[in-house]
Each structure stands twice: as structure tokens, then as C-alpha cells.
Amino acid sequence: RFDLSIFNNAIITLFLYYITVFYIKKKVRWVISSDLVDQLTTAFFYFDVDRNCVYCNKIAKKEYGFTENDKDKIWEFIENITFRKAETFEEEVDIRRGFMVDGVKKYYEIGFRRARDNSGAFIGAFFSIKDVTEEEQRKEREEYLLKHDSLTGLFNRDNLYLMIEQRLREIPDIDYMVVTLDIKSFKLVNEIYGAETGDKILNIIADFLRSLDHKDMIYGRLG
């Protein structure tokens with residue numbers, strides 16, 4: 001599947017390049033269509049040397065409610081979301097960070113670049129922010145499923161063995177108790193009452209194990 005973030009980053013880089021090359025007497029000559037930048041899923045802000053916002057695209061206005069006239073609000077927002085004062089920014093800043101927004105964990109990809117002309121003089125800067133919550137949630141889900149049984153949420157076989165091996169390696173000089181639980185003729189439960197009922201029974205057992213949870217316990221599903 002084509003990664004649209006690569007396209008977004010390429011457009012932003014191209015946009016900044018043209019701003020840098022064709023910035024004359026503190027006015028930006030737009031040599032690429034602003035319509036193209038407006039199609040990005042990344043919120044984009046461009047500032048002059050006096051930190052005035054001279055441009056922000058449609059997603060910035062729609063998602064964050066800013067306009068070019070909201071200089072102080074935009075900089076306050078940037079400093080809050082990056083946890084740093086603007087004057088401490090390096091030439092380039094790239095951050096991926098999670099925040100609680102209205103009780104929901106949200107993830108953002110944040111970028112900052114200083115723009116300089118051919119002589120190296122500072123002529124402005126741009127800031128970008130993209131909501132990458134769905135991407136991060138997908139990664140977290142994939143990582144979770146690598147370690148957990150998809151039905152019960154217990155550690156899967158591979159991760160269970162790994163955790164036990166790690167515990168024995170870290171604390172080898174004590175006695176351990178190993179308990180296995182096998183439901184006799186469980187196949188008949190599925191055949192007579194259906195797989196849905198069988199899944200409910202497995203989840204009841206998993207909940208029971210969780211209710212016994214102790215910091216020294218390691219448990220999982222082998223099947």
C-alpha cells in the first residue's frame with residue numbers, strides 16, 4: 001500500500017524549498033500551487049522572521065481552528081505541544097508524541113524547520129503537525145497480538161515461554177510452582193454447545209486467572 005506520509009513530506013519539503021529560494025523582501029512568492037498544500041493531511045504553518053504566521057493550510061484551520069491572524073495562539077499551541085519554548089528550537093525538530101485529548105490518547109507527528117536563503121540568512125520557519133493516532137493504534141494492536149492470545153487476552157504460548165525463561169534467568173535461586181490446566185474433552189463442548197459457548201468458557205477461565213493475579217505470577221494460554 002502506498003504510504004501517503006511520504007508524499008506529504010515530499011510536498012512540504014518542496015514547499016519549504018521554494019519559500020527559501022524565492023522569498024524576496026519578506027514576501028513569499030508562491031511558486032507552487034497553494035491548492036496542492038491545502039490537500040495535505042498535515043497541518044502546515046509558515047512564519048516570517050518576526051514570527052508572524054503568513055500562511056496556514058486548510059487542515060490547520062479546520063482541525064485546530066487557527067487563521068493567519070492567530071500569531072500568539074499558534075505559538076502558544078506549538079510550545080505546549082512540543083514542551084519547549086520557541087527560542088530553544090534547533091534548526092530541525094522532529095517529534096512523535098502522545099497526548100490525552102478529552103480523555104482519549106492521541107498521537108501526533110510534529111515537525112519544525114528554520115528557513116534560510118542562499119546566503120544562510122534566517123528568513124522564517126515552518127511548523128507541521130499530523131494526527132497519526134490510527135497508525136499508532138494499529139502498531140500497538142499488532143504488537144499486542146504478537147504477545148497475547150487474541151481470544152482471551154492472556155500471554156500466548158511464545159510470549160509465555162519467553163517470560164518464564166526471563167524470570168528463571170533473573171531469579172534462578174528460588175523454587176517455583178508450575179500449574180497447568182486442561183479442560184477434559186473440551187472438544188465435545190464445542191461440538192455440542194458450539195464454538196461461541198466454548199469461547200465464553202475460555203474467557204471465564206482467563207478472567208479467573210486475572211482475578212488471582214499477583215506480581216510474581218506469570219500465566220498464559222498454551223492452546
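Let me start with a term: buried means under 20% relative accessible area, exposed means over 50%, and partly exposed is in between, using a 1.4 Å probe and protein chains only. This is a predicted model, so local features need pLDDT of at least 70, side-chain atom pairs count only at pLDDT 80 or more, and totals for chains, interfaces and linings use all residues. Residues are numbered from 1 along each chain as its sequence is written, and side-chain values use heavy atoms, with hydrogens and water left out.

Now Tyr-64. Because its relative accessibility is 22%, Tyr-64 counts as partly exposed.

Next, the rings. Rings of Phe, Tyr and Trp (its six-membered ring) pair if their centres lie within 6.5 Å; planes under 30 degrees apart are stacked, over 60 edge-to-face, the rest tilted. The whole structure holds nine aromatic pairs. One of them joins Tyr-64 and Phe-77, tilted, with 5.4 Å between centres and 45° between planes. Tyr-64 is in helix H3 (residues 58–64) and Phe-77 is in helix H4 (residues 71–82), 13 residues apart. Helices here are DSSP runs (H or I, at least four residues), numbered from the N terminus. Ring pairs also build a cluster, including Phe-45, Phe-66, Trp-75 and Phe-127.

Then Asp-70. Where is Asp-70 found? In the loop between H3 and H4. Asp-70 is buried yet has no salt bridge, and Lys-73, the nearest side chain of opposite charge, is 4.8 Å away. A salt bridge needs a side-chain nitrogen of Lys or Arg within 4 Å of a carboxyl oxygen of Asp or Glu. On charge, Lys and Arg count as positive, Asp and Glu as negative; His and the chain ends are not counted.

Methods. Helices (H or I, at least four residues) and strands (E, at least two) are DSSP runs, numbered from the N terminus.
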